[in-house]
Amino acid sequence: MIALSYRNVIRRPGRAVLTVSAVGLAAALFTALLTISGRARTEVLDQLTHGGPLAGINVAAAAPNQIEADVDNPQPGASRVLDDAALGRIAAVDGVRSVTPIVSAQVIAVPGDPILLADGRTIAMRVEDGPRGALFETVLGIDLDHVHELPISLLAGRFPAVGARTEVAATVGWLARLGLDRADAPSIVGTTISIGATRAFRDGFRTRWTKVHVVGVVAQQASSAGGLIESIDQVRDALNWTAASVDNNRFEVPKSPYSGAFVVATDLDRVAAVRNDISGIGYSTSAPENLIANVRRYLHVVRVVLAGIGLISLAIAALGVSNALLAAVRERQREIGVIKAIGARDRDVVRIFLVEAGVLGTIGGVLGVTLGVGIAGVVAIIVNSYLHSQGLAGVRVGLPIDVVVGGITGAGVLSMVAAVVPALRASRLPARQAVDA
């Protein structure tokens, strides 16, 4: 039967190619849709809920606002000290996976005048709120070992190296202050900024300057403010320098060791409970709970729609296979008659057609799955380009083994199912009628 099926395929290459193409295109579309929808679920939901912005909770160094307790982004209450002891209590809350402290400081930032961009352009410094092109800016200090636990997306360049004291990452807000937009992110990488922390002495003020290099541009949601991101130790040094002033009333030095923290819940469903527990400890929190619920609903709708499109493509492929084999039955009536005349039973004829359809379907499945994974990869490149331009994390497209195995096996089974009707019709042909045809 295998030998007969092979000869039939070889003798009719045109029909075989069309059948394989029909199955292959259907398998390619279905594989691409499964890969894309699966990755959308994994990357947009699962990955984010196990250490990303959707499962993240911003904790402010402030008391909770009881009036807006159920609001995603409530107005914080009165300032409150957030120290290591408080972070320890938050970390002990059931459902907390990690706690990353954040320190912020007000500094003077001088990017130079004019600013020479990496692409050769120069822009004149706009004097906004500081003398001689200086800007009063908020710099965020984070533990660079845990930067991936924070809602910070890299737009260009890289993150500052762990332990580096002369590297910073600029944010989209910093670009806006220079009159640039997201598209200019790569051009700002490599520029230098002089950052100064001011301290009051009895005989006047002194500013301690540090020249830093912009090694990357990011979009961040870890804090409502912050144009530059440095290591947490570097920002602490600036705060300590300013806090040692003889007259602290001249500077707004925060009393809290940390200006905030970013807490990641172990699971998306634990976000609300964790927020309530942290509020019970006495700190204001914010998290996009309503956004999370909407994302889940939309992802479910997208998966249903994509699955429907894939099933329609499979049905069309099945009809194509069935039509091709019905035409083959009409053409091969004499051959079927000869086979039955020399002793072949009805079930033998059925098996010949099923084996032939299975071989064609499997070949089409291999080609279709390969093409589908390639299509998903191209789509991912296009989608990632858009996501990065919007300051969002990209989507990785891997090679899901279950989709590969299921696609190839499913294509073969689909073709065999589509061949059942033509095979039964061929098996019922009387030998004499088939030979005389």
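**Close-up views of the predicted model**

**View 1. Aromatic rings in the structure.** The structure contains 1 aromatic pair. The model shown here and in the other views is predicted.

**View 2. Arginine 199 and tryptophan 241.** Arginine 199 is placed over the face of tryptophan 241. The distance to the ring centre is 4.7 Å.

**View 3. Arginine 206 and phenylalanine 201.** The ring of phenylalanine 201 has the charged end of arginine 206 over it. Here the distance to the ring centre is 4.4 Å.

**View 4. Strand S1 beside strand S11.** Strand S1 covers residues 56-60, and strand S11 covers residues 260-265. The two strands pair in the antiparallel sense, with 5 bridges between them. Glycine 56 has valine 264 of S11 as its bridge partner.

**View 5. Strand S1 beside strand S12.** S1 also pairs with strand S12, which consists of residues 285-286. This pairing is antiparallel and runs over 2 bridges. Asparagine 58 is bridged to serine 286 of S12.

**View 6. The whole protein, for orientation.** The protein has 437 residues, and 45% of them are buried. Its secondary structure consists of 13 helices and 12 strands. Among contacts with a separation of 6 or more, 79% join residues 24 or more positions apart. The accessible surface of the protein is about 21,800 Å². Carbon and sulfur atoms account for 59% of that surface.

Conventions
Residues numbered from 1 in each chain as written. Predicted model: local features only at pLDDT ≥ 70, side-chain atom pairs only at ≥ 80, totals over all residues. Heavy atoms only, no water. Helix = DSSP H or I, 4+ residues; strand = E, 2+ residues; numbered from the N terminus. Buried < 20%, exposed > 50% of the residue type's maximum accessible area, 1.4 Å probe, protein only. Contact = heavy atoms within 4.5 Å. Areas by Shrake-Rupley, 256 points an atom, 1.4 Å probe, with all protein chains shown as cover. Pairing = 2+ DSSP bridges. Phe/Tyr/Trp six-rings, centres within 6.5 Å; stacked < 30°, edge-to-face > 60°. Lys NZ or Arg CZ within 6 Å of the ring centre and 35° of its normal.
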